[in-house]
Amino acid sequence: MSKRIDAVDLNVYYGNFRAVEGVNINIEPRSVTAFIGPSGCGKTTFLRTINRMHEVLPGARAEGRLLLDGEDIYAPGVDPVTVRTMVGMVFQRPNPFPTMSIRDNILAGYKLNGTRMSKSTADGIVEKSLRGANLWEEVKDRLDKPGSGLSGGQQQRLCIARSIAVEPDVILMDEPCSALDPISTLAIEDLINELKDNYTVVIVTHNMQQAARVADKTAFFNIAGTGKPGKLIEYDDTSVIFNNPSNKQTEDYVSGRFG
Amino acid sequence: MTISNDTAAPQRTSVPGGKKKNSLTAGQKPGWTWIAVLAGALVVAAGITALLGGGAFSWVGWLIIAAVLYVLGMYLVTRVIENARRATDGLWQNLVWAAFLLALIPLISVIWAVVANGLPTLLETPQLLWRDMQGVTGSDDIATQTEGAPLAGGFLHGLVGTLMITLLATVISVPIGLLTSIYLVEYGRGGWFSRAIVFFVDVMTGIPSIVAGLFAFAAVQLVITTFIGDGPRQLQMVKMGLTAAIALSVLMIPVVVRSTEEMLRVVPNELREASYALGVRKWRTIFKVVLPTAMSGIASGVTLSIARVTGETAPILVTAGYIATTNWNPFDGWMTALPVYIYRQLINPTAPAAGDPSAERAWAAALVLIVIVMLLNLIARIVAKAFAPKKTGR
């Protein structure tokens, strides 16, 4: 179920503007990788190229190769929808579907695609996904209530449950805790630790302590200046990045002497 | 640092002041000022009106003069007692109120006129609702006016015509309008083609309704003469409910496009991305996520656009004609719509020498038409509420 990700000379563009330049990175399966770096350095942009969400924006495109278990997802003829069924995504702001109940939100990946399933199969998926997201005990009595009635942290875990319900190989998280309080953040971080048993997890975060807590490996992105493309500066084990980085920029950033 | 218990406990202190005058409210005009000014304005205005009018006393003139005097009086009184800033504030407040009341006058007076003229007729002869004008001649109306015979005829054919034509127009315009706005929001992405569509939709909004009627007539005539033949019998076929529905669609489509477009644009992009991230295709995302989320706004927009075309007269008169019998088939034969019925009853009374019964029927029909439009607006609100995404479930 879990796949490795390799980017080879990946350039990402918004129209003519090159947002991310020459990324080479190898992400191991069943691991948590954190992307850190200042705002606008392209870490979210790069994250969104991993499930081809980047090209949803008008004029956005990527060049180079991005391999999922050795298969290039940017090869000609690859259907982005197939890629997205393998690579799930959790967004910065919790975004449960407002018209659906908690249960339907979990089953959204199946229902929206018109997949028919028996009630018992559906119940099984709902319970498994909610347990996987540590949300089952909190919502099991109100599965038919709207998902938007949950607290922010619960909504975010609902969104995680929704993405693991379709059993992807990789889960991308774009600052999943930036809108949450410390307690909810802790719940999500515990969850990320459990998720790496089964999935490849890639997380973008502005919180360096969070990266240090959850990630096995950390990638530091930086930008030379406004209008310049973002670059991958250093990628190593999390302990190395935070304690003994080889690059001066990384050291400045993680020690707070940045800019 | 420790906080001792007795400081944390709330202390009950005696409230100073009581009946003493509050210095913070000093210099304000007393609360009854506006009543005094109003009374003064009314009395003075009555005097002025009586003087100006000579013998006859004009109620409307009295109220207008009183209103002007009240606004000026309040300004001067506030300025003297308080200060210029508060006086200006009050002046503008009164002017805003005056504008609001002015805007309300035509609305109230229209509703009043229709109810006062139509309701008694409708209560007296509710048969109007389920009878048409078949067999009703001028002699019936003369009998009604001169001998007090019960009112003959009715407007069932008008109700049926309005219903069928509006229904057909909705069936034509809603899919076209909905798909157009989906193209504009989800696929067009502000390219030259979608900008051109937006421009022409805006132009369509301003089309005079009679032009829409002539367009529909010419279009249907073209189709019929091309495919069926151009004999006099075929030309007769042009006037039917469908032609009127096409005319109304021309008026309805831009309204549907514009309101739906607005509703689709406010659907957060995050929901689309959430759906894409689950591996859902774009068209499924649009139909299962975007449309349901926007449904309440779309439904109320559609209902309001129906209400808007229900009252159209000219295009229906041109395209569907006017007959006295009830015709349920919008694809064959002339049809009467309620507004056309009202127009014809008032302009060409059934009995030219005795117009009162026709006028009574017209007022009753007008009341029914207004009730229909009001019901549609009510339905729009209910629909909007029913489809609205549930906000909380806690």
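Hi everyone. A word on the model before the details: it is predicted, so local features need pLDDT of at least 70, side-chain atom pairs count only at pLDDT 80 or more, and totals for chains, interfaces and linings use all residues. Residues are numbered from 1 along each chain as its sequence is written, while chains are lettered from A and ligands numbered from 1 in the order in which they are written.

Let's start with chain B. Its domain assignment gives domain 1 (31-123) and domain 2 (156-387); such bounds come from an automatic or database assignment. Taken over C-alpha atoms, the centres of these domains are 41 Å apart. How many residues of domain 1 of chain B are in contact with domain 2 of chain B? There are 7, and they meet 6 residues of domain 2. Contact here requires C-beta atoms, placed from the backbone, to lie within 7 Å.

Now for two helices of chain B. Helices (H or I, at least four residues) and strands (E, at least two) are DSSP runs, numbered from the N terminus. Helix 4 (residues 84-124) and helix 15 (residues 356-387) of chain B pack at about 105°, with axes 8 Å apart. Those axes are lines fitted to C-alpha atoms, for helices over the stretch in contact, and angles run from 0 to 180 degrees between N-to-C directions. Helix 4 and helix 15 of chain B are therefore roughly perpendicular, a label for angles of 65 to 115 degrees. Among the residues that meet are Val114(B) and Leu122(B) from helix 4 of chain B, and Trp363(B) and Ile370(B) from helix 15 of chain B.

What about the two chains? Their contact takes 23 residues from chain B and 27 residues from chain A. On the chain B side, helix 11 (269-277) and helix 12 (282-310) each give two or more residues. Helix 11 of chain B gives the most, with 7 residues.

Finally, over to chain A. Strand 9 (residues 217-223) and strand 10 of chain A pair in the antiparallel sense over 7 bridges; pairing needs at least two bridges found by DSSP. Thr218(A) stands opposite Asp236(A) of strand 10. These two strands form a hairpin with 6 residues between them, and Gly227(A) in the turn has a positive phi of about 85°. Strand 10 (residues 230-237) of chain A also pairs with strand 2 (residues 17-27) of chain A, in the parallel sense over 2 bridges. There, Glu21(A) has Lys231(A) as its bridge partner.

Terms used: Contact = placed C-beta atoms within 7 Å. Parallel < 35°, antiparallel > 145°, perpendicular 65-115°, else oblique.
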